[in-house]
Amino acid sequence: MAGRPEADLQYMREALALARRGRGRTSPNPMVGAVVVKGSTVVGRGFHARAGGPHAEVIALNEAGEQAQGATLYVTLEPCSHFGRTPPCVGRVIQAGIRRVVVAMEDPNPKVSGGGIRRLRRAGLAVEVGLLEEEARRLNEVFIKHIATGRPFVVLKTALTLDGKIATRTGHSRWVTGAQARAVVHRLRDEHDAILVGVGTVLKDDPRLTVRLEDGNGKDPVRVILDSRGRTPSQARVLTGTSAAPTLIATTKEARLEEVERLKRAGAEVLILPAHGGRVSWESLLEELAARGCTSLLIEGGAEVNASALAAGVVDKAIFFFSPKIVGGKGAPGPVGGTGVEKMSQALRLEKIRVRCIGEDFMVEGYVGGKLGCSPDS
């Protein structure tokens, strides 16, 4: 970044790296990292590890101790100036004798939104804002979306072959990608509050929708099944497994009462939601998840669920895992069903694309703007 000392960039990158260590554990709070530097020496480090726990700035200042006097604080998000589960950080920063504060981005929370920065400046501290802001915003995209709209940040994930198939013509799909890509998917599950599939996926694959990390420290998300007519089997693994995460069956009034009661007896929580085009309304579902404290949702659906979500315009980010395989077959399904668009000019275009190799596979991720021009179908 032009005009910025390399040392500032180095310390802010370290603060961002610290913040990432809280990924998947701070919801509904943001991930925050902080570094205290005296001269050219890091004397304190901290990150927000979990909601309700101490904030990054406080941890870093406690580690720095008296060496914080006259030091510089690098922090990925504006220090808070309001009481939540913990006291505001601004007073602690001032009390510690920090001379200069470098902030990656302002806090989008209306309770803060520049208030912390103003208070620091009124106390005589030098405050600089905007260093590596884009990286900081990407890091906390879930928090930013949720605090601004009250709705979850929605990620659509799928795995497909080079010729665009998510399964063979017989429906066989294990496994499209390799072990390393699947490990990344489990980390994605671990980072999200909720995961969603359609009843078709439950009937075909009987997934557990749990997190299986090598270190065994994964956190299972809330499992959500789109099932407009209550067809989920009582013996489905999302209902009979040992996971402590709840399973929500999102259905409509089209589901018969006896099916709803059967699913409840099997351990599911049944949500009877408004319908759109005969299917579960995405808007109503997201409102319900937000009310339950879910700030992020990972969609791992089949072609029709994916098409439905894209048509409803609820997807914020798409992640496609491509495997260097070719399976062929006119009857082999692709990742997005529905009616589709008529012209290439109507196609959804991903923005801010990133591509990286995952073992023998590669991952493409980007942000979605707008809706896919096809009929909703979930």
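Below are my entries, one topic at a time.

**Ground rules.** I'm looking at a predicted model, where local features need pLDDT of at least 70, side-chain atom pairs count only at pLDDT 80 or more, and totals for chains, interfaces and linings use all residues. Residues are numbered from 1 along each chain as its sequence is written, and side-chain values use heavy atoms, with hydrogens and water left out.

**His-146.** I started with His-146 and found it in helix H6, residues 141–149 (helices are DSSP runs of H or I with at least four residues, strands are runs of E with at least two, and both are numbered from the N terminus). Is His-146 buried or exposed? I get a relative accessible area of 19%, so His-146 is buried (buried is under 20%, exposed is over 50%, partly exposed is in between, with a 1.4 Å probe and protein chains only). Next I listed what His-146 touches, leaving out residues up to four places away in sequence: Arg-151, Pro-152, Cys-294 and Thr-295 (contact means heavy atoms within 4.5 Å). I also checked Asn-29, which is 117 residues from His-146 in sequence, with 9.9 Å between their C-alpha atoms.

**Salt bridges, the count.** My rule was a side-chain nitrogen of Lys or Arg within 4 Å of a carboxyl oxygen of Asp or Glu. That gives 21 salt bridges.

**Arg-13 and Glu-6.** Their side chains form a salt bridge at 3.4 Å, N to O. I noted Arg-13 as partly exposed because its relative accessibility is 43%, while Glu-6 is at 52% and therefore exposed.

**Arg-237 and Asp-206.** Here the closest N and O atoms of the salt bridge are 3.9 Å apart. The pair links distant parts of the chain, 31 residues apart: Arg-237 sits in helix H9 (237–240), and Asp-206 in the loop between helix H8 (199–205) and strand E8 (222–226). Arg-237 has a relative accessible area of 30%, so I put it down as partly exposed; Asp-206, at 26%, also counts as partly exposed.

**Glu-365 and Arg-354.** I read 3.1 Å between the closest N and O atoms of this salt bridge. It links distant parts of the chain, from Glu-365 in strand E16 (361–368) to Arg-354 in strand E15 (350–358), eleven residues apart. Glu-365 is buried because its relative accessible area is 7%, whereas Arg-354 is partly exposed at 41%.
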